[in-house]
Amino acid sequence: MQLVVGRIGRAHGVLGEATIEVRTDDADLRFAVGNKLTLDNGRNLIIKSARWHNQVLLLTFEGITDRNQIEELRDQLISAEVDTEDTAPGEYHYQQLIGSQVLLTTGELIGVVSEIVKLPGQDLLSVSRDGKEVLIPMVKPIIISIDVTKREIIIDPPKGLLDVAL
């Protein structure tokens, strides 16, 4: 399954090195030299070099030799082929949640997950409900269960959390 593993940032230096906003739990595996990455537009890139500099991942790609070429790729999401079969029970990749139905413990449909909002304190499910966005904190007291196979998320929200979408 193709999963987003990062985003290309600004150029670093003049020789085609890019800063990478890492969006994966195993950067060293996903961004190893020789790995193939796919951009939003479908273009494939092969990693030529990878190094960490001041806690920022820097990559170069085959066929890209200057900062102007990197600047043309800036802000594009990069995906990699990830084996989702090897996840332990109860584990999932955030992208597997997109499109899942969100239900109350009573079975009432709240809406469908449109994206995961990553914040420093906690992540949020962005749920589309009747054309409105509802943000649901991804914390244990609210998220009762996540079933990736059924594409269902059961929640028990505190009073008032869903009022924006009523």
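Two strands are said to pair if DSSP finds at least two bridges between them, and strands themselves are DSSP runs (E, at least two residues), numbered from the N terminus. This is a predicted model, in which local features need pLDDT of at least 70, side-chain atom pairs count only at pLDDT 80 or more, and totals for chains, interfaces and linings use all residues. Residues are numbered from 1 along each chain as its sequence is written, and side-chain values use heavy atoms, with hydrogens and water left out.

**View A. An open sheet of six strands with mixed pairing.** The strand order is β10-β9-β8-β7-β12-β11. At the edges stand β10 (132–137) and β11 (143–147), each of which pairs on one side only. From one strand to the next, the twist averages 35°, with axes taken as lines fitted to C-alpha atoms and angles running from 0 to 180 degrees between N-to-C directions.

**View B. The antiparallel strands β9 and β10.** Strand β9 (residues 123–129) is joined to β10 by six bridges. Ser128 stands opposite Glu133 in β10.

**View C. A closed barrel of six strands.** The barrel runs β1-β2-β5-β4-β3-β6, and its pairing is antiparallel. Neighbouring strands of this sheet are turned by 50° against each other on average, direction ignored.

**View D. Strands β3 and β4.** Three bridges pair β3 (residues 36–39) with β4 (residues 44–53) in the antiparallel sense. Lys36 faces Ile46 in β4 as its opposite residue.

**View E. The loop that holds Glu91.** Glu91 lies between β6 (77–81) and β7 (101–104).

Methods
Helix = DSSP H or I, 4+ residues; strand = E, 2+ residues; numbered from the N terminus.
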